[in-house]
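Biologist: I should like to learn how to read the features of a protein model. May we go through an example together?

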Amino acid sequence: MFVLQEPQKLQILFESLEKNIPESLKVYGAIFHIKNKNPFNLEVLVDAWPDYQIVITRPQKEEMKDELDHYTNNYHIFTKAPDKLEEVLACPQVINWEQAFQLQGCQESLCEAVRKVTASKSVRVDYTKTILFMLEIPTKLKMSSEGKVDMMELINAPKMDENRKEGSFLNIFLDASHAGLVNEQWDFGKNERSLKYIERCLQNFPAFGVLGPEGLPISWIVMDQSYQANLSTQFPSQTAPLSGLRRGAKLLVRTGACALQIGTQSARI
């Protein structure tokens, strides 16, 4: 595996991965952010070029200083050749097995390959399976020259400066000042490392929510470094969600292929 750096090659890879969505979605989203200022300092590895079979995105080495920070030490993987995945994952130049980290992908073959590699290395692993929801963006929405979509327009939500209320609820943008609340309600958070991670997401990626009648956020969506809304919460006692998807947008639920998140701890057993 080697790092792919040239902007032209990254664009070709990005367009190629689009044809393999949803299986390639984690890597595709990470490369989208790499192409747009790369706020999490990620890099792309491929096994060959241009006829690649495996693509991995990961933080650059200087980002992975905390060996227990599995929020930052996060790898996204897509493969066209599941039979080669075990060999690649076992390579210490590709994956740092001495750290706590996450492996994320949308292919069942990743789970099996990880089981085999971790068994040989006697590493403790926590597996989490999630259902993948995809939003199909209507082509009529305006996009910037960098390919960015106005997320608040997509959900038909008002801008903050419009100060338009719908009943007693108000749609808002979230910022870093909301990190504590998001961290407190996130099932995978509630610690200092997750708080720093959430702050970084809120500082760099779109996040929006709903203010309840008491003026506090009661529902929100926060985007992560794979361009997915993984940090989302709505308080059970509240029934008013965001205004609703813009007309023409479709929410696709894929039940046949689940997004697979694997949190690996470096502790030996």
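Biologist: Is Cys 111 buried or exposed?

Modeller: Please bear in mind that this is a predicted model. Cys 111 has a relative accessibility of 9%, so the residue counts as buried, because buried means under 20%. Cys 201 counts as buried too, at 0% relative accessibility.

Biologist: How many disulfides does the structure hold?

Modeller: A disulfide is a covalent bond between the sulfur atoms of two cysteines. Here the count comes to zero disulfides, where a pair of cysteine sulfur atoms would have to lie within 2.5 Å.

Biologist: Let us turn to a helix. What distance should helix α1 span?

Modeller: The expected span follows from 1.5 Å times one less than the number of residues. Helix α1 has twelve residues, 7–18, and should therefore span 16 Å; the C-alpha atoms at its ends are 17 Å apart, which agrees.

Biologist: Which residues of α1 are buried?

Modeller: The buried residues in α1 are Leu 10, Leu 13, Phe 14, Ser 16 and Leu 17. They lie on the same side of α1, because they cover an arc of only 165° around the axis. Among the elements that cover them are α2 (25–35) and the strands β1 (2–4), β2 (42–46), β3 (54–59) and β4 (74–79). Phe 14 also has a charged neighbour: Lys 35 lies over the face of its ring, at 5.0 Å from the ring centre.

Biologist: How many aromatic pairs does the structure hold?

Modeller: A pair of aromatic rings is described by the distance of the centres and the angle of the planes. The structure holds twelve aromatic pairs. One of them joins Tyr 71 and Tyr 197: the ring centres are 5.8 Å apart and the planes are at 25°, so the pair is stacked. Tyr 71 lies in the loop between β3 and β4, and Tyr 197 in helix α7 (residues 192–204), so the pair ties together parts that are 126 residues apart in sequence. Both Tyr 71 and Tyr 197 are buried.

Biologist: Which residues form one aromatic cluster?

Modeller: Phe 40, Tyr 71, Trp 186, Phe 188, Tyr 197 and Phe 205 form one aromatic cluster.

Technical notes:
Residues numbered from 1 in each chain as written. Predicted model: local features only at pLDDT ≥ 70, side-chain atom pairs only at ≥ 80, totals over all residues. Heavy atoms only, no water. Helix = DSSP H or I, 4+ residues; strand = E, 2+ residues; numbered from the N terminus. Buried < 20%, exposed > 50% of the residue type's maximum accessible area, 1.4 Å probe, protein only. Arc of directions from axis to C-beta. Contact = heavy atoms within 4.5 Å. Phe/Tyr/Trp six-rings, centres within 6.5 Å; stacked < 30°, edge-to-face > 60°. Lys NZ or Arg CZ within 6 Å of the ring centre and 35° of its normal.
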